[in-house]
Amino acid sequence: MNPSHRTRTAMLAVALSLAPGVARAADGDAPAAHATTPAPALTPTFTPSLDVLAQYALRDTRAQDGSSSWFHQFEVPRVWLGLEAAEGDVHGRVILEGVRSAGDGALIGIGGDSIVARVREAWGGYRAFDALEIRAGIVPTLVIPTLDATWALRALGPTSLEGYGLSSPADLGATASYALPDGYGAVSAGAFNGEGYTNRELNRGKNSAFSALIRPMPRGALAPLALFASYERGSAGTGSSRADRLVGAIAFTDERVQGLASATYAWGADGDGARRAWVLEAGVKAAPIGPLLLAARGAIYVRDTAISGDAVRTLTLAVGARASTRLEGWLAFDRTAPTGAARDALPGSDNWQLRAVARVAF
Amino acid sequence: MSRVLRPRLPRALAGALLSATVSCAERADDARTATIVSTLTDADQALIASRQALVAGKYARMGRDFYGFYRGSLALFAHDERAPGAPIATSRFALDQPLVPSIGDPHPENFGVMWAGDGTPALEPNDFDAADRAPYLRDLRRLVAGMAVAATVANADDPAAQAQTRAAARTIARATAQGYADSMASLAGGAPPARIADAQGSAYLADLFARAVKARQKRTELEAGGPTQLVSGARTLVRGAPDPTAPESVQADLPAFAYAALPATLEAYRQTLVAPPDAAQFTLIDAVRVFGSGVASWPKVRAIVLVRGPTDDPGDDVLLEVKELTDSGTAGWWPPGVDYPDLPARVRGTSRAAWARPDADPLWGATTWLGLPVQIKSESEAFKTVRTSKMVGSIATADELAKLGAVLGALLARVHATAVLRAPSAAPAIAARIARDRDGFLDEQAACGTAYAALASDDYARFRGVIFEHGDLLGHVVDEIPPAPSLAALFGTPPPVVPLTP
């Protein structure tokens with residue numbers, strides 16, 4: 001295996017490791033050797049992890065009369081502390097995340113509005129046949145973790161799919177993933193409550209989803225190319241509103257460049273099962289010279305396909321530096337621009353923002 | 001085994017997946033019904049989790065009449081104003097900045113006569129459960145649509161009269177918007193904010209003021225058949241249902257620990273008043289847990305407290321209402337999203353900004369009780385609230401409802417024009433926005449208000465259908481999380497829900 005291929009494989013492994021249950025498949029190509037080698041004595045391993053995003057943000061919000069107002073604050077968009085345990089084919093992971101105890105605009109919180117810990121992931125898993133992994137508990141869902149890992153831009157914000165509340169990155173349920181032979185990718189299926197990891201189940205309907213991450217040419221010049229598709233059939237809320245999602249994406253994950261373009265079509269949004277919405281999003285991250293990082297991301301969210309011009313557009317441009325494999329810093333500019341009726345319906349959504357972001361991950 | 005099974009795994013996985021895909025999801029047939037149910041239960045999620053019987057009472061109350069549904073469905077209104085294509089989601093006159101001191105839910109029944117510290121009455125907003133800061137149009141449209149709903153339900157016992165007010169709903173809605181626009185223009189031009197101390201030519205308000213004066217003179221709330229009883233010269237609060245025709249309105253004993261905590265709460269509350277009376281006036285005589293009051297606030301902890309008043313004479317005893325406060329659901333528009341340090345401060349700040357004088361109810365304060373944020377105010381029959389059930393006959397013709405709407409619109413403009421929290425008055429910006437096309441503004445609000453009232457009417461029918469089909473919790477299937485024993489005792493056991501009649 002040459003170095004560049006190792007790099008590509010490692011990047012894909014990062015992406016796949018957050019997709020349900022395919023990390024081992026991406027690790028190497030020696031399942032046959034396992035079959036003939038006597039099994040060593042098993043000892044449990046425990047691997048802690050930490051992921052902290054800290055940022056300073058200056059936001060200028062434009063009002064409908066043309067005036068503007070600004071606000072600035074220090075934030076921690078992500079505080080994760082995780083522990084993964086494994087012994088043989090059995091493993092599990094728990095991730096705690098820090099979150100504000102009161103929602104936007106709320107005054108009732110815990111200890112004022114303290115940042116409190118909640119469970120982001122808590123699952124047990126089993127690997128079988130060196131290709132199949134089954135997880136159950138609070139598990140990563142099939143789409144957002146894969147997209148986040150593929151383009152490695154989570155430091156600059158969540159995907160639009162998550163930001164607009166069209167999908168949750170984790171949920172209570174179970175997933176099964178099968179790693180295709182020879183590095184061709186993986187197919188996954190899952191069943192979830194459908195309310196996301198932040199809510200209790202509210203209806204009898206369960207979401208079912210499948211996804212496929214395909215590397216059409218896992219060897220050679222096009223090895224970094226991956227295609228992703230997912231369909232989820234679901235319901236949301238006590239009223240069981242339709243909430244189906246079709247996602248397609250194309251990704252390129254090279255040593256120095258990661259790019260992703262995705263399209264999502266939603267049947268049902270924001271508790272309205274009759275609405276049809278879609279999101280287009282594309283981004284690229286590059287490491288052209290030494291520690292320098294460059295990134296750009298844009299998205300358009302059409303809130304209702306039946307309403308002309310009701311959309312929100314976002315653009316992020318960022319320059320950063322990677323001080324080590326554990327630390328990277330960014331200076332980012334974000335612009336959010338509602339169009340048409342969205343401007344009236346979403347006060348405060350017309351804004352730009354300057355951010356200084358630091359990410360430490362172990 | 002792995003060599004045998006591995007090639008079959010993808011097919012097995014796909015088969016299981018397809019099976020799951022077609023079988024698991026269970027979705028509502030009617031999307032709007034699902035939206036109504038999900039939105040309302042989501043807004044009440046914390047209450048449903050801990051006090052389902054009380055939430056069931058609220059939904060049953062909402063299902064009892066159209067106006068009750070409108071009162072209890074603010075969360076749906078808030079959802080709809082952000083929904084693409086909804087009649088209240090867009091405007092040529094939208095202005096998201098500056099935010100105004102918002103009443104949050106200024107439907108007509110959240111206004112009423114209040115008696116100020118100097119003993120004079122005035123029409124004021126009297127409910128600040130949802131008050132915070134918000135864009136002006138949100139409040140105005142809630143009021144305008146509320147007047148259109150009132151036009152629909154007024155004269156319930158007179159079909160002919162009701163047909164006339166219903167037919168005039170758009171005119172009434174327009175008059176409400178016009179009262180707002182005219183008053184805002186005047187305030188922006190430098191006119192002083194006016195206290196509405198008389199009926200302003202409205203027959204409905206004349207009746208309201210007259211009933212308020214009469215009740216104040218007679219201290220109706222202390223009369224026999226009311227919430228209190230006089231036994232051997234000592235006044236106490238009645239246990240049970242003071243009005244046998246309203247079996248859901250019940251007064252019950254408070255848990256001992258809650259009762260014991262009241263003196264400290266009353267003293268803390270006294271210090272939040274604009275002009276605190278002598279502490280002796282708040283000497284606790286009796287207190288009860290109250291069920292079956294309000295609509296949106298039906299599930300909240302509520303108590304009636306009987307205190308000594310100015311003298312030991314039971315004739316001047318004073319009743320106070322203690323009501324749990326929860327988040328407004330109105331804030332969060334602009335960073336940082338909140339403008340007050342806590343809930344009592346929010347209610348004190350918004351109410352005193354909204355009133356023509358800060359002591360519009362001299363006994364209106366807010367503090368905590370057993371750690372629970374609470375609002376405490378006068379519980380008096382003299383504080384007469386606008387009621388659609390009283391909109392009957394000659395005081396509720398189409399013309400009279402239009403006059404009432406105009407006064408309420410003007411009052412709302414006065415509230416919005418008030419400068420709060422170091423921000424200047426929003427009146428010039430709002431007035432300038434409206435002045436671009438005043439008639440267009442009035443037409444737009446009238447059309448929007450009547451359209452939303454029509455939607456709310458359809459929603460009400462859907463809501464009732466859900467209750468009949470799925471029960472008072474609208475099909476919510478999640479088990480209650482048992483609260484701590486002390487909290488459960490404070491929530492109490494409400495009387496059984498009176499079933500809806502088809």
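Visitor: Which residue does A:E328 form a salt bridge with?

Guide: A:E328 pairs with A:R322, and their closest N and O atoms are 3.9 Å apart. A salt bridge here is a side-chain nitrogen of Lys or Arg within 4 Å of a carboxyl oxygen of Asp or Glu.

Visitor: What kind of model is this, and how are things numbered?

Guide: It's a predicted model: local features need pLDDT of at least 70, side-chain atom pairs count only at pLDDT 80 or more, and totals for chains, interfaces and linings use all residues. Residues run from 1 along each chain as its sequence is written, chains are lettered from A and ligands numbered from 1 in the order written, and side-chain values use heavy atoms, leaving out hydrogens and water.

Visitor: Back to that pair. Is A:E328 buried or exposed?

Guide: Buried, at 10% relative accessibility. A:R322 is partly exposed, at 35%. The cut-offs are under 20% relative accessible area for buried, over 50% for exposed, and partly exposed in between (1.4 Å probe, protein chains only).

Visitor: How many salt bridges are there over all chains?

Guide: The count comes to 54. Another one in chain A joins A:D148 to A:R154, with 4.0 Å between the closest N and O atoms. A:D148 is buried at 9%, and A:R154 is buried too, at 11%.

Visitor: And what does B:D459 pair with?

Guide: B:R32, with the closest N and O atoms 2.6 Å apart. B:D459 sits in helix α16 (residues 438-470) of chain B and B:R32 in helix α3 (residues 31-43), so the pair ties together parts that are 427 residues apart in sequence. Helices (H or I, at least four residues) and strands (E, at least two) are DSSP runs, numbered from the N terminus.

Visitor: Are those two buried or exposed, and what network are they in?

Guide: Both B:D459 and B:R32 are buried. They belong to a salt-bridge network that links B:D30, B:R32, B:D80, B:D459 and B:R462.

Visitor: Switching topic: how many residues of chain A are in contact with chain B?

Guide: 64 residues of chain A are in contact with 62 of chain B, contact meaning heavy atoms within 4.5 Å. The area buried between the two chains is about 5100 Å², with carbon and sulfur atoms giving 61%. That area is the accessible area (1.4 Å probe) that two parts lose on being put together, summed over both.

Visitor: Which residues of chain A lose the most area?

Guide: A:L107, A:F129 and A:R200, together 15% of what that side buries.

Visitor: How many salt bridges and polar contacts go across?

Guide: The salt-bridge count between chain A and chain B is 0, but 14 residue pairs are in polar contact, both residues at pLDDT 80 or more. A polar contact is a pair of N or O atoms within 3.5 Å; within protein, one must be able to donate a hydrogen and the other to accept it, and residues adjacent in sequence count only if both atoms are side-chain atoms.

Visitor: What does A:D244 touch?

Guide: Leaving aside neighbours within four places in sequence, its contacts include A:Y231, A:G234, A:W267 and B:R27. A:D244 lies in strand β12 (residues 244-253) of chain A, and it's buried at 0% relative accessible area. Its side chain makes a polar contact of 3.5 Å with the side chain of A:Y231, and it reaches the backbone nitrogen of A:G234 at 2.8 Å.

Visitor: What is the mean pLDDT of chain A?

Guide: It's 87, and 89% of the residues reach 70 or more, pLDDT being the predictor's confidence in each residue, from 0 to 100. Over residues 1-35 of chain A the pLDDT is below 50, and beyond near neighbours in sequence that stretch has 57 contacts in the model.
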